[in-house]
Amino acid sequence: MAAEVFGNVVERCRAEEEELLGRWKEIVAESLRGRMTGVELDKELRDLLDALLSALAAGGGTDPGAEAYGEVRALLGELSRNRAHQGFSPRETAVAVFALKRALRDRIGDEPGFTPLTDLIDELGLITFEVYTRAREEVISNQAEQLLELATPVVKLWHGVVALPLVGTLDSARAQVVMEKLLQTLVDTGSEHAIIDITGVPAVDTQVAQHLLKTVVAARLMGADCIISGIRPQIAQTIVALGIEFGDIATKSTLADALMLAISRSGVDFGAEMAKRGL
Amino acid sequence: MERIPILKIGNLLLVSIQVDLQDRTVITLEEDLAEKIVATGARGVVIDITALDIVDSFTGRMLATIASISRVLDAETVVVGMRPAVAITLVELGLSLEGIKTALDVERGMRLLSARA
């Protein structure tokens, strides 16, 4: 049982709690180099030590996944997340937990229950690693999502003409978002012409071309007309080299040309208009 | 059984699909439409699928069949009001509805047809 494994470690720790905490804080403070205030650190470590000792006293055993350690795990998770947000490395976070071992060795190193207790602390230290990684992954996936939303504005260029300036690499997930957003805008604005501008797309491979073609066909099914513009010379060469067929889809080298085509398709006589303005 | 109403507007016929399509409904619609085109001498058919939010290959084929029937009877078909999700699904299914005209809404569809009539 837990009591046998740890001997009377818990009692001794409780008796020397203040000294233990002082030593622990000292070691952690060294590695923090003044990035946290003493008061914050004191509260954090005190809560953690208190929760750990309570869990041990309640017979938590050697398994840190046990129910008794629920509060300890929650505190560790919070500590790890806070440190991650403050820009600490996972190593520094884990060292803060492992420092408890050094503090314990200094105070009660002669106790027989000391070794199983350090094993337990090792496990707890690893928990901070896991939480840290998870917190980081959350941040990354949030950013990826935000990037998707940021990078796909649909702009209205003219009455009944919308444009989608694509910037950055087009992968399947992004192409899907782009496609849905463009089609939805066509419905919302009642636009009959859409221009997909790929000036900002660094490379066009068969996959990207496939996505573009799908978008154009879907727009056609809805009764709108798509023009692809912003095809740079290198991209034109790649498209031909890859044998991609755009079929009867209108392609233009610049957005201006595409806009002109779209406007004249919607019934404006561009030649007359330009002549009238002396252009 | 549900029947899809076919409305006559000028020399056009308007079919507005507002219910989930069953095989039987579709077959009845094809028959009704063929009869109505002949009876009214309509020059165009507008199929409004604004209310349709689920499609499968069957629906895609139905649209193609109706268009073919109308063409044989010298009437042109325009499919209007297709939702983005529906369009994406049809493209993913590989159905690009070749030869069928499309428009964003009923108004544009009717304008498209009357421009040709």
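What follows is a close look at helix H2 of chain B, together with the parts around it.

Analyst: This is a predicted model, in which local features need pLDDT of at least 70 and side-chain atom pairs count only at pLDDT 80 or more, while totals for chains, interfaces and linings use all residues. Residues are numbered from 1 along each chain as its sequence is written, and chains are lettered from A and ligands numbered from 1 in the order in which they are written.

To place the helix, we begin with its chain. Chain B has four helices and five strands (DSSP runs, numbered from the N terminus: helices are H or I with at least four residues, strands are E with at least two), and along the sequence they follow the pattern β-β-α-β-α-β-α-β-α. Of the 117 residues in chain B, 38% are buried, a term for residues with 20 or more other C-beta atoms within 10 Å of their own, whereas exposed residues have 12 or fewer and partly exposed ones lie in between, with C-beta atoms placed from the backbone.

Now to the helix. The buried residues of H2(B) are Thr59(B), Gly60(B), Met62(B), Leu63(B), Ile66(B), Ala67(B) and Ser70(B). Because they cover an arc of only 160 degrees around the axis, they lie on the same side of H2(B); the arc is that of the directions from the helix axis to the C-beta atoms. On the face turned away from this buried side, H2(B) carries the exposed residues Ser57(B), Phe58(B) and Val72(B). After the helix comes Asp74(B), which has a positive phi, near 60 degrees.

What do the buried residues of H2(B) pack against? They pack against helix H1 (23-40), strand S3 (44-48), strand S4 (76-80) and helix H3 (84-92) of chain B, where contact means that the C-beta atoms of two residues, placed from the backbone, lie within 7 Å. H2(B) lies across S3 and S4 of chain B and runs at about 150 degrees to S4(B) (axes are lines fitted to C-alpha atoms, for helices over the stretch in contact, and angles between N-to-C directions run from 0 to 180 degrees).

These two strands, S3(B) and S4(B), run parallel and are joined by five bridges; strands pair if DSSP finds at least two bridges between them. One bridge links Asp48(B) to its partner Val80(B) in S4(B). Chain B has an open sheet of five strands with mixed pairing, in the order S1-S2-S3-S4-S5. Its edge strands, each pairing on one side only, are strand S1 (6-9) and S5 of chain B. The twist from one strand to the next averages 25 degrees.

The contact between the chains takes 14 residues from chain B and 16 residues from chain A. On the side of chain B that touches chain A, the elements giving two or more residues are H3 and strand S5 (101-103) of chain B, and H3(B) supplies the largest share, five residues.

How values were computed
Expected span 1.5 Å × (residues − 1).
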